[in-house]
Amino acid sequence: MIEINNIHQTFILGKKQNETHLHVLNDVSLSIKEGEIVAITGKSGSGKSTLLNIIGGFMKPTSGTVHIGNTNVTTFSEGEFADYRLQNIGFIFQNFQLIPSMTAFENIELPLVLKGLNEKERKHITEQTLQKVGLLDYKSHYPSELSGGQQQRISIARTLVMEPPIILADEPTGSLDSETEADILYLIKELNQELGITFLIITHDEEVARVATKQIHIHDGRIVKEETIQ
Amino acid sequence: MNLKDQWRFVKSNMRRSKSRIFMTVLATAMSVAFLIVLASVGFGLHSTFIQDLLEDRTVTKIEIAGLEQDGNVQPITDKEIKEIEAIDEVKAVTRQQNLYQTPNYTLDNYSSQNQTVVAHFPSEIEAGLELTEGRLPEGSHEIVVGHHFLNHLAPTDVEVDDLYDENNVIKEKFQYDENLIGKQIEMEVAQYIEGKEQKESITLTITGIVEPPSKGWMEDQKVYTTEEVLNEIESFTNTPRGEIVMPDQSQPASIPKGYDAVYGFADSMDEINNISEILKEQNYLVYSVADEIKNINLVFTIAKIGLIFIGTIAIIIASIGIYNTMTMAVTERTPDIGIMKAIGAHPKKIKQIFLLESSYIGLIGAVIGTAVAYIISILLNITLPIIIESALEEQLPEGFQFSSIPLSLILISVTICLLVTIVSGLKPAKRATQIDVLKAMRREI
């Protein structure tokens, strides 16, 4: 499903005379199968978020390739990646990333609007998804009127409307209390089992890593441990 | 993402910064109104000039003053008339010869002295000479008279001092009050023969009265006669055009053969332009109102372009406001743009949304500006003549229009406004597409 081959990521810091090279990822190779929940763990600054950003197309690697299916996405332009993301990759962010001026309904509807679906189809899909995440009654609420857990559910719903085969999650429960965290993890597990969505979750939380079918530990930009959980 | 959805985004975004958008639209509207009102003065004065020009002359007429040959100007003769008539678009060529003396006309016991011209009536008919009364001459001794001929007929038995009123017009009671049509009139021409003045009388019949000149202040008291009458006069005076040779003159002045006034006629102004070009190529000296209109149009077009250019500067100044508003909008919405890009919004779509917003500001500004300009234009046309007339104590020409807003001016102004606003929105829109998703979502921009 996702093939990561010899990824290197180096950031140049400082001005020309005093520039330093920061090697964030060193020769990272990884293979993720369809339907897996992969948890990437590691300390802050280990390079796990950089890896997610490269897979998601927010960053170009210094070298190496990322294949999703048979497509080498590292050659994509910004526009091409945007189109590809819209069809194939969903995101769940730690701080939800909802547009504050839009209602829950409008936030969820947004990817469908970008995709060009008509109003009737959008309404149907959005309400169905709101029902799925248990927030249909909150469809007219603005993000500021929702709790953290509810906002994360809206964020997941926004991802789900596109029915993406892959969801990349960056600390999805990082801003939530333990009870809400359990709800969200349950939802992820459910979506994986029911819809076969492949999840790639960045976390430093052991609880989150526990729902994964594969755990990868990164340290100083290198994969130091890869473990499949039965 | 279709246009309707983009439009929904724009409206929702604009609602978030109402007062800023309002001020920007206001500035744009003011600049558009300024452009239109400024240029409308050029359009107004242009149409006034053209209207004034067309009032006294016809645009389908061309004056042919002569033919240039070897650096000399020759009068037009029958040979040239035939050449001119052979041009496809020429409808008629009228030609007139002036009589070189002013005969005395007597009708019953009334008389007057009138300038007399020999007209070629068949061509005058083709050219569309209009009469207010009667018909054109058919016989050799028939004439038509100018519209004001009657005003100069004075009774012979009244003293000159009693004849005229304070305006130097024949008093009403002394004016000839009968219909002139069908009346026989005596034309008296003179010549000195062997040192003594001799007179010859020719009886003519008035068959028609020519339409008055287009301008109220112009007078036409001429007598239009035929070639046969001219021949009769010439055989009496023994000089061309009936010129009087004074006793102390040894011989008459040499009068060039040809016509004194030749006019070509066509059906439209375009045809006149073509005829004018052809005749100019053949060394004819020509002049037409169409030529004058062409020159006036050129001058006013340059003036209007200048005024539109000055007005455009106002719109460019307003566009700084639009640029600022759009830059602020991009800055404020950076996190939202980041989220949209993360979800999969193509940079092109984001650019379109911002361009749509700047165009909308421009369009609303243009619509309001146009409406305001119309109001100002109407007020100008009402108040300015009153102010000018009271200040200068002079009557402005009839139909004077200080400001005129044709549809073309609206289209030009709206197009300029839209272009300028789109251009001013381009850079902020491009900036929006270049926003780094990660930085935007971390609120680092």
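Let's start with one residue pair: in β4(A), A:Ile68 is the bridge partner of A:Ile2. Helices (H or I, at least four residues) and strands (E, at least two) are DSSP runs, numbered from the N terminus. Two strands pair if DSSP finds at least two bridges between them. Here, β1 (residues 2-13) and β4 (residues 63-68) of chain A are antiparallel partners over five bridges.

Before going on: this is a predicted model, where local features need pLDDT of at least 70, side-chain atom pairs count only at pLDDT 80 or more, and totals for chains, interfaces and linings use all residues. Residues are numbered from 1 along each chain as its sequence is written, chains are lettered from A and ligands numbered from 1 in the order in which they are written, and side-chain values use heavy atoms, with hydrogens and water left out.

Where do β1 and β4 sit? They belong to an open sheet of four strands in chain A, in the order β2-β1-β4-β5, with antiparallel pairing. Its edge strands, β2 (20-32) and β5 (71-72) of chain A, each pair on one side only.

Now over to chain B, with 12 helices and 14 strands. Its radius of gyration (over C-alpha atoms) is 36 Å, well over the 22 Å from the globule rule for 445 residues, so chain B is more spread out than a compact globule. That rule is 2.2 Å times the number of residues to the power 0.38. Along the principal axes, the C-alpha atoms of chain B fill a box of roughly 120 × 50 × 40 Å.
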